[in-house]
Amino acid sequence: MEVSVQSGDFDVGAEIAALSAGDVDAGAVASFVGLVRQDKHQGYAEAVAAMTLEHYPGMTEQALTEIVAQARDRWQIRSVRVIHRVGKLLPGERIVFVGVSSSHRHDAFAACEFIMDYLKTQAPFWKKEETPAGGRWVDARESDDRAADRWK
Amino acid sequence: MLKVLYFANLREAIGAGAESIELPAGVATVGELRAALGARHEALLTAKNLRAAVNQKMCGMDAPVADGDEVAFFPPVTGG
C-alpha cells in the first residue's frame with residue numbers, strides 16, 4: 001500500500017525503515033514530515049488552537065495515487081509511501097508523511113519534493129484552523145502554485 | 001440524476017455537503033451547472049477561484065456534465 005488517508009498518527013521511524021526493508025539495492029531514502037504549526041507569532045488571537053482537515057473520500061486517494069505515478073514516470077524510484085491525516089489535529093501533531101527510496105539520492109530527494117509540491121496543489125484536502133478569534137479556512141498560497149509549476 | 005458535492009467553506013455556506021438533483025435543462029458543462037445552482041446557492045457565484053471535479057477528476061468550468069455524473073465544487077486545496 002503506497003497511499004493512506006487516515007485519522008490516526010503514524011510511526012515515522014517504522015515508515016522510513018519499511019521503505020528499504022529487504023531491498024539491498026535501495027541506496028537512499030528521503031522523507032518529509034509535515035506538522036501543525038501554532039503560528040502564535042501572528043498574535044494570540046490568531047494562534048492556532050487546533051486544525052481540522054477535510055478531504056474528498058475516493059478522489060483524494062485517487063489524486064495521491066496519480067501523483068505517485070507521475071513521480072515514478074520521472075525518477076527511478078524503488079518504494080514510495082504517502083500518508084495524510086484528516087480530522088482534528090493539534091499544534092505539533094504530524095499531518096503528512098512522504099517517503100521515497102531509490103538507488104541514488106537524487107531520485108529520492110527530487111521525487112519526495114515533487115510529491116509534496118503536487119500534493120499541496122492537486123490533492124483535495126482543506127484545512128480549517130480554530131483560533132481564539134474563531135474558525136477560519138486556510139487560503140491557498142500562490143507560493144505553493146509556483147512550487148508545483150517549477151516541475152513542469 | 002446528478003450527485004453534487006460541496007467541500008470546506010462552500011459546504012458551510014451552502015449548509016449541505018451533498019445533494020442529488022435532476023440535470024437542469026440546458027446544462028451541458030460544469031460552468032452552466034454552477035450558474036444554474038447559483039440561483040439557490042449564492043456562494044457558488046461569489047466564490048473566488050472556485051474549483052470543480054467531475055467523477056472525482058479535477059476539471060475546468062468548460063468540462064462536460066452528463067446525467068449520472070458526480071460533480072464537486074470546492075475552494076483551492078490546502079493540504080500538506
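Which residues lie nearest the centre of the largest pocket? Let me start there, with the reminder that what we are looking at is a predicted model. The residues nearest that centre are A:Val138, A:Asp139, A:Ala140, A:Arg141 and B:Thr78, and they belong to a lining of 49 residues. The pocket itself holds about 1,200 Å³ of space.

If you follow the lining of this pocket along the chains, the elements that each give two or more residues to it are, in chain A, β2 (28-35), α3 (105-122), β7 (125-131), β8 (134-137) and α4 (142-149), and, in chain B, α1 (8-14). Among these, α4(A) makes the largest contribution, with six residues. Sorted by class, the lining comprises 24 nonpolar residues, 15 charged ones and 10 polar ones.

The second largest pocket has a volume of about 190 Å³, and residues from both chains line it: from chain A these are A:Met59, A:Gln62, A:Ala63, A:Glu66, A:Ile67, A:Gln70, A:Tyr118 and A:Gln122, and from chain B they are B:Gln56, B:Lys57 and B:Met58. Helix α2(A) gives the most here, namely six residues, while α2 (59-74) and α3 of chain A and β4 (57-59) of chain B are the elements that each supply at least two. By class, this lining divides into five nonpolar, four polar and two charged residues.

Let me turn now to the interface between the chains. Here 19 residues of chain B are in contact with 25 residues of chain A, and the two chains bury about 1,800 Å² between them, with 55% of that area on carbon and sulfur atoms.

Between the two chains, 14 residue pairs are in polar contact. The side of chain B that touches chain A draws two or more residues from each of α1, β4 and β5 (70-74) of chain B, with the largest share, four residues, coming from α1(B). By class, that side consists of 10 nonpolar, five polar and four charged residues.

Finally, a few details within chain A. Over all chains, a search of the whole structure finds 16 salt bridges, and one that I would like to point out joins the side chains of A:Asp9 and A:Arg94, at 2.8 Å from N to O. A:Asp9 sits in the loop between β1 (3-6) and α1 of chain A, whereas A:Arg94 belongs to strand β6 (residues 94-102) of chain A, so this pair ties together parts that are 85 residues apart in sequence. At the start of helix α1 (residues 12-20) of chain A, a side-chain oxygen of A:Asp11 comes to within 3.1 Å of the backbone nitrogen of A:Gly13, and just after α1(A) the residue A:Gly22 adopts a positive phi of about 75°.

Conventions:
Residues numbered from 1 in each chain as written. Chains lettered and ligands numbered in written order. Predicted model: local features only at pLDDT ≥ 70, side-chain atom pairs only at ≥ 80, totals over all residues. Heavy atoms only, no water. 1 Å grid on protein atoms, 1.4 Å probe; cavity = no way out; pocket = protein on both sides within 12 Å on 5 of 7 lines; lining within 4 Å. Points joined across faces, edges and corners; volume = space filled by probe spheres on them. Nonpolar A, V, L, I, M, F, W, Y, C, P; charged D, E, K, R; others polar. Contact = heavy atoms within 4.5 Å. Buried area = accessible area lost by both parts, 1.4 Å probe. Polar contact = N/O pair within 3.5 Å; in protein donor to acceptor, adjacent residues only side chain to side chain. Salt bridge = Lys/Arg side-chain N within 4 Å of Asp/Glu carboxyl O.
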